[in-house]
Amino acid sequence: MMDVEVIEKYRKAGKILAEVRTEAVKKVKPGVPLLEVAEFVEALIKERGGVPAFPCNISRNDEAAHSTPSANDATVFDEDMVKLDIGVHVDGYIADTAITVDLSENPELVKASEAALKNAIEIVHAGTSTAEIGDVIEKTINEFDYKPVANLTGHGLDRYVQHAAPSIPNRHVEQGVILKAGDVIAIEPFATNGAGHVHESGTAEIYRVERLKPVRLPAARQLLKEIEKYKMLPFAKRWLHHARLDFTLNKLEAMGILRSYPVLREDSGGLISQAEHTVIVEEGGCQIISR
Ligand code: MN
Ligand code: MN
């Protein structure tokens, strides 16, 4: 069973997250810079006593995930389908949530991912197979005449690890994993009017330490020192202040120390909606910590 103090840390992270999400949604309007919203979210998390578990992701339209503003980004919201994906950790215990703010007048697509998340959460308890969750999500989204994004999944959460086992499928899979009491999982259905598949596209604004090893280059050592506080969690390029930043990031990536996360886009350019909550699995059900 899970330690009471650990549960309290998850609940605290989830409470901060839910408050920040509510405030963030109010900011998303045509003409507002994305950077303003991302910085607002990350500052409010800290103000409330949490730490951003990853950069505030603001993905629009055919972007599914991994989009966050660059340091001098001047992009503003238009009539977009906006996904805010936000994470908070307290002492490494992470709550992860996403919500779609629709400025594009496609309410049914938003309802599809929200209904899929709701139906999935209803079947979660100790003993549920992740395959059953995938089936419920796919079936629900199909009822709205949309497709789930087949190659994106939810995930387990561990201390300082955002994407731990098991993966939580958004579609039918042959083999699932049986959930146990105390498992912490993020369920995150993505619905689309496109092909139902995403690919990496363009340059990355988000990085993560993949494998630490000794480096000789002074600039690389200095940058590693700066990012060591993020442990294995994702961080944004705009969070770093370093001379020759791109050069050094590329060098560390080529050495296998860093991994970059380019934006994920829908293959056929379809619109994507997303909904996500983090839950703690219990014997008879689950506790939604990000509500
Ligand atoms: Mn998320
Ligand atoms: Mn997630």
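Student: Which domains does the domain assignment give the protein chain?
Tutor: Domain 1 covers 4–200 + 264–288, and domain 2 covers 205–263. The bounds come from an automatic or database domain assignment. The C-alpha centres of the two domains lie 25 Å apart.

Student: What should I know about the model and its numbering?
Tutor: This is a predicted model, where local features need pLDDT of at least 70 and side-chain atom pairs count only at pLDDT 80 or more, while totals for chains, interfaces and linings use all residues. Residues are numbered from 1 along each chain as its sequence is written, chains are lettered from A and ligands numbered from 1 in the order written, and side-chain values use heavy atoms, without hydrogens and water.

Student: How many residues of domain 1 and domain 2 take part in the contact?
Tutor: Domain 1 gives 27 residues and domain 2 gives 13 residues. Contact means heavy atoms within 4.5 Å.

Student: What is the area buried between domain 1 and domain 2?
Tutor: About 1600 Å². That is accessible area (1.4 Å probe) lost by the two parts on being put together, summed over both. Carbon and sulfur atoms give 66% of it. On the domain 1 side, P55, H66 and Y160 supply 37% of the area buried against domain 2, more than any other three residues.

Student: What makes E42 and R238 a salt bridge?
Tutor: The rule asks for a side-chain nitrogen of Lys or Arg within 4 Å of a carboxyl oxygen of Asp or Glu. E42 and R238 meet at 2.8 Å, N to O. The pair therefore qualifies. Across the interface of domain 1 and domain 2 the rule finds one salt bridge. The structure holds 17 salt bridges.

Student: How many residue pairs are in polar contact across that interface?
Tutor: Six, with both residues at pLDDT 80 or more. A polar contact is a pair of N or O atoms within 3.5 Å; within protein, one must be able to donate a hydrogen and the other to accept it, and residues adjacent in sequence count only if both atoms are side-chain atoms.

Student: Which elements give two or more residues to the side of domain 1 that touches domain 2?
Tutor: They are α2 (34–47), β3 (63–65), β8 (161–168), β11 (198–209) and β13 (258–266). Helices (H or I, at least four residues) and strands (E, at least two) are DSSP runs, numbered from the N terminus. α2 gives the most, four residues.

Student: How do you know which atoms are donors of the manganese ion (ligand 1)?
Tutor: Donors are N, O and S atoms within 2.8 Å of the metal (3.2 Å for Na, K and Ca). D85 (OD), D85 (OD), D96 (OD) and E276 (OE) lie at 2.0 to 2.4 Å. They therefore count. Water is not among the atoms, so sites may look incomplete.

Student: What are the protein donors of the manganese ion (ligand 2)?
Tutor: D96 (OD), H155 (NE2), E188 (OE) and E276 (OE), at 2.1 to 2.2 Å. Their spacing along the chain is D-x58-H-x32-E-x87-E. D96 bridges the manganese ions (ligand 2 and ligand 1), which lie 3.1 Å apart. D96 sits in strand β5, and E188 in the loop between β9 (184–187) and β10 (190–192), 92 residues apart.
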